[in-house]
Amino acid sequence: MEMLEYFAIAVTIVVVAVPEGLPLAVTLSLAFAMKKMMNDKALVRHLAACETMGSATTICSDKTGTLTTNHMTVVKSCICMSVREVGNPSKFALKLLLQSIFNNTGGEVVMSKEGKREILGTPTEAAILEFGLSLGGDFQAEREAVKLVKLEPFNSTKKRMGAVVELPVEGGRLRAHSKGASEIVLASCEKVINSKGEVVALDDSSLKFLQATIDQFASEALRTLCLAYKEVQGGFSPNDLIPESGYTCIGIVGIKDPVRPGVKESVAVCHAAGIAVRMVTGDNINTAKAIARECGILTSDGVAIEGPVFREKSQAELLELIPKIQVIVLKVMARSSPLDKHTLVKHLRTTFDDVVAVTGDGTNDAPALHEADIGLAMGIAGTEVAKESADVIILDDNFSTIVTVAKWGRSVYINIQKFVQFQLTVNVVALVVNFSSACMTGSAPLTAVQLLWVNMIMDTLGALALATEPPNNALMKRPPVGRKGHFITNVMWRNILGQSFYQFLIIWKLQASGKSMFELEGSDSDLVLNTIIFNSFVFCQVFNEISSREMESINVFKGMLNNYVFVMVLVATVAFQIIIIEFLGTFANTTHLTSHQWGACVLIGFIGMPIAAILKLVPV
């Protein structure tokens with residue numbers, strides 16, 4: 001029996017030493033965050049992403065639909081070299097404009113069952129079609145007046161789309177239409193329709209006027225598109241490539257895409273949290289800068305860089321440039337291609353050890369989403385390929401939701417730290433007390449059953465209590481952990497060692513002079529003393545659990561009652577402790593305690609709280 005008792009003590013020490021509750025705490029915290037994030041419009045596909053997002057140091061965000069509402073309207077136009085608010089151009093230009101709008105499009109205008117007109121297509125297409133309808137155009141009539149030979153959808157690399165139509169009423173002539181990024185389509189133009197409605201050569205003065213118009217629209221945070229046409233000479237088959245040069249500029253339109261409410265505040269929260277926000281967009285450089293300033297991303301000392309310039313940088317130049325990117329430079333990348341985004345993300349991750357979160361909605365964003373530490377796909381505008389490559393799906397396509405995900409990520413990380421701090425304190429004290437006592441006296445003050453109960457408190461119940469703490473706004477006022485941060489910090493070591501030292505002193509004092517302190521005599525004095533030691537040790541853990549809610553703040557009671565799981569765990573722990581002491585004496589090797597002894601045990605445990613508060617004043 002003596003050998004069996006030694007063996008039981010040895011096994012119990014090993015059981016207490018191994019933190020098997022840590023995987024439970026991690027999984028509980030991640031699962032709890034995952035469920036709560038679903039309520040906040042974020043669907044987590046990979047559980048580990050919950051915590052990784054909390055360590056993010058950089059967010060590379062799309063503009064359209066994420067920072068902006070993606071509800072677009074044409075508010076300005078430059079048709080026939082004349083800038084105006086939305087209005088009618090000359091008859092000749094109007095005919096070409098409507099033909100281009102209604103035939104070179106991936107959208108549709110249909111009638112609903114209720115007889116209402118509906119526009120189908122991307123927000124940009126819908127805005128252009130709405131503009132055409134406002135000019136008095138008839139979608140169906142324009143479609144029927146021509147024969148569509150070929151339609152080339154929008155190409156994200158070329159930043160344009162094109163169509164070739166046959167004109168039966170004009171003897172079967174062929175005409176190509178092009179629409180896309182203003183500076184790209186304008187570069188393919190050789191002619192322009194002037195203010196008199198005549199087709200004239202695109203000279204330097206006209207080109208400068210149109211470029212200035214694009215810059216003016218862009219500086220007003222308008223998305224600019226250029227529409228152009230070309231008379232196709234000779235035959236054309238659907239297998240032929242649509243011409244990319246020799247066009248005549250019809251006009252330029254400015255589309256307003258308002259910034260989402262709350263984005264500016266969310267960007268400010270990110271900056272306060274030490275997270276760099278960068279906009280990566282395919283838009284005009286001036287539009288991107290205007291939107292970035294409105295969002296608070298681009299500051300006076302920040303720099304915007306265009307994708308083609310970024311692509312031309314050598315490896316050495318990128319290494320020199322990207323340290324600046326890490327701080328405030330290159331917060332906006334305009335006219336970028338998916339490869340630029342991938343290159344930026346790869347350098348930020350590998351060369352400079354940033355933890356990078358990237359948003360994406362298109363199929364071509366998949367490489368960047370896969371390369372990033374956290375890929376964030378858009379739930380509304382995102383393609384299936386983008387969603388499959390992402391770790392988290394933002395269901396409302398809103399940047400503010402990304403900040404909420406970061407807050408939950410930090411909460412998960414901090415909660416696991418709280419649990420580890422609590423668990424290591426119990427581990428250190430229980431192991432030192434039992435091991436040293438077993439070595440010196442051959443018996444341990446805490447029996448196998450008692451140690452297993454303590455193990456349950458620090459593992460299962462501790463995980464439930466501390467791993468389910470909800471996030472607070474204070475989490476976004478501290479710097480990110482980053483890739484090289486230590487999980488067990490100096491603050492945690494201070495709290496663990498200070499609290500462990502107090503608990504060890506108390507148990508050692510009770511072992512040494514507990515009988516005289518509580519005036520214990522008789523044959524059962526050893527049993528009563530061991531019960532007092534066990535009870536005091538458990539109440540030390542109960543109050544230490546409360547102190548572990550905050551690792552640095554002295555006020556540990558703030559918001560405690562809002563976490564019903566934490567309160568229920570504390571109540572359950574105390575209730576079971578009473579049952580173990582008073583009713584399970586033979587099984588747990590305990591005995592009945594007087595009210596004076598109960599009060600002393602609770603007081604010993606409670607003293608740990610002011611000691612924890614004093615420890616938090618010690619700078620580390």
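1. Start with one residue pair. Val74 has Ile255 in strand E13 as its bridge partner. The model you are looking at is predicted.

2. Now widen the view to the strands. E3 covers residues 73-79, and E13 covers residues 247-256. The two pair in the antiparallel sense, over six bridges. Strand E3 is mostly covered. Five of its seven residues are buried.

3. Next, the charged pairs. The structure holds 17 salt bridges. One of them joins the side chains of Glu388 and Arg45, at 3.5 Å from N to O. Glu388 sits in helix H15 (residues 384-389), while Arg45 sits in the loop between strand E1 (42-44) and helix H3 (49-52), so this pair ties together parts that are 343 residues apart in sequence. Glu388 is exposed, because its relative accessible area is 55%, and the cut-off for exposed is over 50%. Arg45 counts as partly exposed, at 32% relative accessibility.

4. Glu108 and Arg143 form another salt bridge, with their closest N and O atoms 3.6 Å apart. Glu108 belongs to strand E5 (residues 108-111) and Arg143 to helix H6 (residues 139-145), so the pair links parts that are 35 residues apart in sequence. Glu108 is partly exposed at 33% relative accessibility. Arg143 is partly exposed too, with a relative accessible area of 25%.

5. Look at Glu231 and Arg175. Their closest N and O atoms are 2.9 Å apart, in a salt bridge. Here both residues lie in strands: Glu231 in E12 (residues 222-232) and Arg175 in E9 (residues 173-181), so the pair ties together parts that are 56 residues apart in sequence. Is Arg175 buried or exposed? Arg175 is buried, with a relative accessible area of 5%. Glu231 is partly exposed, at 24%.

6. Finally, the nonpolar surface. Phe576, Ile578, Ile579, Phe583, Leu584 and Phe587 make a nonpolar surface patch of about 610 Å². Helix H20 (residues 564-583) gives the largest share of the patch, four residues. Leu584 is placed in the loop between H20 and helix H21 (585-588). Why can Leu584 count as partly exposed? Its relative accessibility is 34%, and partly exposed runs between the buried limit of under 20% and the exposed limit of over 50%.

Definitions and conventions
Residues are numbered from 1 along each chain as its sequence is written. This is a predicted model: local features need pLDDT of at least 70, side-chain atom pairs count only at pLDDT 80 or more; totals for chains, interfaces and linings use all residues. Side-chain values use heavy atoms; hydrogens and water are left out. Patches are made of residues with over 30% relative accessible area and no salt bridge: like charges are joined within 9 Å, nonpolar side chains (Val, Leu, Ile, Met, Phe, Trp, Tyr) within 5 Å. Accessible areas come from the Shrake-Rupley method with a 1.4 Å probe; for residues, only the protein chains shown count as cover. A salt bridge is a side-chain nitrogen of Lys or Arg within 4 Å of a carboxyl oxygen of Asp or Glu. Buried means under 20% relative accessible area, exposed over 50%, partly exposed in between (1.4 Å probe, protein chains only). Two strands pair if DSSP finds at least two bridges between them.
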